[in-house]
Amino acid sequence: MNHSHLKVASSKLLPFPVAAICSLAVTLACVSCNRTPATPTEAAARLSSIRVDLQHGGPVILRTGTAEFEVLPSGYVQASLLKDGSKLSLDEPRLGSPADSDYVVHDKKEIHFILDFGQAKVSEATGKLGRGKHIEIPAHPLGPSGTGIQRTLQIEAYDDFPNVLLTSVDYKNTGNADFRIDRAVEQQHRFNSHAPTGAAYDMWSYHGSSYEWGKDDVVKLSRSFSQPNRMGEVVKGGYGGGIPVVAFWNASAGEAIGHVETLPLTLSIPAKVEADGRVTASIDIPTNLALKPGETYSTPRSFVSVYAGDFYEPLRMWSSILQKEGWEITKPSSEAYNVSWCGWGYEFNVTPAQMLGTVPKLKELGIKWATLDDRWFDTYGDWNPRKETFPGDSIKNMTEDFHKQGMLAQLWWLPLGVEDGQGKWESHKYRVSDVVKEHPDWLILDKNGRHGRITRDLAALCPAVPEVQAYYQHLTEKFIRDWGFDGSKLDNIYSVPACYNPAHHHRSPQDSVNAVADVYKTIFQTSRALKPQSVTQSCPCGTPPSLAWLPYMDQAVTADPVGDAQVRPRIKVYKALLGPGSAVYGDHVELTAMTRLGKDWSEHGDDFASTIGAGGVVGTKFVWPDRCCSPRRRKSTGRSGLAFTTTRCFPKARSSTCTYTVTIRPKPTPSRKAATCTTLFLRRRTTRHGRAKWNCAD
C-alpha cells in the first residue's frame, strides 16, 4: 500500500499558525488589489476549450477536438475517438448488472456506488498538465444499508492531452468504526472490437508487465487469452517492475488504461477474454488497509485513452504525461549509438586474452565498444574480479589495453542482488558475500523475516537504505574511475520485494520498491560525473522495462529477444517511451533467429535489418579467433552406454556455433565387443543461461 494516498480529514484539526495564514491572506488580498485586471482576451486564453455537458441525472460528457469521454449513470467511463465525422469506441458496458468503472472490495464483498450527478462540480483544472477541466462527482453505496463509506470521483481532462481522461477516486469513512478496504478497482472496462466479421476479441494488445521471460509484449488476442499483468513489486521468477499500461486496438481505433503516478506502484492490470468473447481489463490495487472514521483513501491517478494506430500512441501519451509530472528523460550519451560487441559468446569463463583477442576483428569491422559480460566477478554483491579468470590487476590492464587500441569497454553487473549462501544459480555455487557478512541489516526481509529473493535466486539489499545507495555509488566509482570502464551493462534488472525489515523504519513496505529508482539514478549520475560520454545500458532480460529506472540510462535494450519478431516492436516501444532519438540496443544479432530446443534455445541469427530499420543500435557477440579452431579431445560416456570422442573440429568464423566430428563407439559389455565407429556431427549451441549444449546436426 502506498500511504501517500491516505489522507486524514477532521473538522477538529486546525493548522497551528493561524495568525500567519490570516496575515498572508491579507497580504495576498492587497497585492491582488494593486494588480492590473486581466483583459477578457487574456482571461479567455487561460480557459480550457474542452466542452462539458452535465445532465442532472447523468451522463456527464467531456468533448475535446479528437475524443469524447462519457461518464454514464451506471458509473462506467466510456471513451470514443472522434475521427472523420465518426465516433469510434471499443467500450461495450455490461447491461443488467453493476457496471461502474470504480469500486472497492470490503470484507471480500464488492461495494458499488451510485453517482449523484446533481451534486457534481465543474471547474477549470490547474497543474503541471496545463489548461483543462476538473469534475468532482460524489457517490453513495449501492448497498447494503448503513455502509459507512462515501466515494468522490475526480475527473481531469487537459487541452494538451485531448485523447486522455484522468480519474482518481476518494473513499472516505463516514461511519463510527474502522472500514476495511481489501482492494480498490479503477478503470474497469469491457471491450468489443465491433468488427463486421470476426470475434469480439479480434484485436491486438500491448501488455507492459514484466512477469515471464520471452513473453511477447504485443499479442494478437485469442479465445483463451488471460494475463495478470502484475506491476511494481518483484513477482515469481524474480521479474517485476513493468510499464503500467495495457492497450487494445483494431484497424479503426484503440483504447488503453493504466496509471500515471511516477512511482512503480504495486498493483495489477489484468486482461482477459471472457466467455462471451468480450475483453475485460481493469486496474486492481491491493490496498489492505483499515480506514479509521474520518480518514480518506485516494486511489492513484489512472487514465483511459483513445487513439488510432497501435501501442506507440498510448505509450507516447503516457510518457509525455509523466514527463510533465516530473519524470525526466535524459538525452543519451553520443557514444550510446555506436555498434557494440559483447564477450558473452565466450560465456561464463571468458578471459582477458579472449576479450583482447577480438580487437583486430573489431577494428576491421569498425566496432568501438567491447562489453565484458557475466561471471568476471567472485560473488554477487562484492563485485571483485574472479581470481581464476581475472587474477591480480588483469581486469584493469584489460581496459587499458582496449583504450590503447582506441576502443571503449563496458562492464556487466547486477545491482541490488547479493549472495547469502541460500540461493543457487547455474554459473557457480553461492556463498555468503562479504557485504552481507558486514551489513546483514541492509537486507530486504519478507513478512516472515526471511531474506527477500530477486532474480537468479539472490537475496537483495534494500534500495531505500541510504547506506545502500552510498555503497552503489562506491561500486560505480570503482568500476568507472578506478578500473577505467567507460560504462555499465546493468543486466537482469527488474524490481525488488516489499521490505518488512524493522531496522529500516519504512513508512510502508512499498518503500523498497519505490526506492529502486534511487539506486539506478545514483549509478547513472555517478557514471556521467566521472565520464560524461559514459554509457549506462539497462537490460530487463526477456521482459518490458520498469518505470522506476527507465529515466536513468543512456541505452535501452530489446532484452533477450526471441527472434526478430520481438526486436522490432521492442525498439518501437522504447522509441515511444523515450523519444524517437533514444538509443535502443537491438541486442546480439545472433538472437534474431532462435529455435526452441526443449527448455532452451538455439541462436543463429544474422538479421541486422530488424535493428537498423527500426532505428536501433547494432550489436553482436561473435568469438574471434573462433575457439572452435583449436582441436581438443573430449571423452565422455552417455546414458546409453556410448563412449564418444571429439577427433576433429571445423571452424565457423565469426560465429559462436561450432561443428565437431564426433566418433561414437558402443561401450563394451560382457555380452558384446566394441562395434565399428559411427561418425556424426554435433552442433554446439549456447543456451540463454550460458551453458554449452550439444545437438545432432545434419
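Q: Contact means heavy atoms within 4.5 Å of each other; which residues does Leu550 touch by that rule?
A: With residues up to four places away in sequence set aside, Leu550 touches Ile243, Trp327, Pro545, Tyr574, Leu577 and Leu578. The model is predicted, and local features need pLDDT of at least 70, side-chain atom pairs count only at pLDDT 80 or more, and totals for chains, interfaces and linings use all residues. Residues are numbered from 1 along each chain as its sequence is written, and side-chain values use heavy atoms, with hydrogens and water left out.

Q: Why is Leu550 called buried?
A: Buried means under 20% relative accessible area, exposed over 50%, and partly exposed in between (1.4 Å probe, protein chains only). Leu550 has a relative accessible area of 1%, and therefore counts as buried. Leu550 is found in the loop between strand E35 (535–539) and strand E36 (555–557). Its C-alpha is 8.1 Å from that of Ser538, a residue 12 places away in sequence.

Q: What makes a stretch of residues a strand or a helix?
A: Both are DSSP runs numbered from the N terminus: a helix is H or I over at least four residues, a strand is E over at least two. By this rule the protein has 12 helices and 45 strands.

Q: How do you know that strand E34 and E35 pair?
A: Two strands pair if DSSP finds at least two bridges between them. Strand E34 (residues 487–491) and E35 are joined over five bridges, in the parallel sense.

Q: Which strands form the closed barrel, and in what order?
A: The barrel has eight strands, running E28-E29-E30-E34-E35-E36-E37-E40 with parallel pairing. Neighbouring strands are turned by 25° against each other on average, direction ignored. Strand E28 (residues 340–342) is joined to E29 by three bridges, with Ser340 partnered by Trp369 in E29. E29 and E30 in turn pair over four bridges, and Ala370 stands opposite Ala409 in E30.

Q: At what angle does helix H8 run to strand E30?
A: Helix H8 (residues 466–482) lies across strand E30 (408–413) and E34, and runs at about 145° to E30. Such angles run from 0 to 180 degrees between N-to-C directions, with axes fitted to C-alpha atoms, for helices over the stretch in contact.

Q: What makes the sheet that contains E2 open, and which are its edge strands?
A: Five strands form this open sheet in the order E2-E3-E4-E5-E6, with antiparallel pairing. Strand E2 (51–54) and strand E6 (86–88) are the edges, as each pairs on one side only. Strand E5 (residues 77–83) is joined to E6 by three bridges, and Leu81 has Leu88 as its partner in E6.

Q: Why is Asp84 called exposed, whereas Leu416 is called buried?
A: Asp84 has 75% relative accessibility and therefore counts as exposed, while Leu416, at 3%, counts as buried. Asp84 is placed in the loop between E5 and E6, and Leu416 in the loop between E30 and strand E31 (417–418).

Q: What makes a group of residues a nonpolar core, and which members touch the most others in the largest one?
A: A nonpolar core is a set of buried Ala, Val, Leu, Ile, Met, Phe, Trp, Tyr and Cys residues joined through side-chain atoms within 4.5 Å. The largest has 97 residues, of which Trp318, Leu372, Trp376, Trp383 and Tyr472 touch the most other members. Helix H11 (residues 564–578) gives the most to this core, with seven residues. Trp318 itself is in contact with residues including Ile243, Trp327, Leu547 and Leu577.

Technical notes
Contact means heavy atoms within 4.5 Å.
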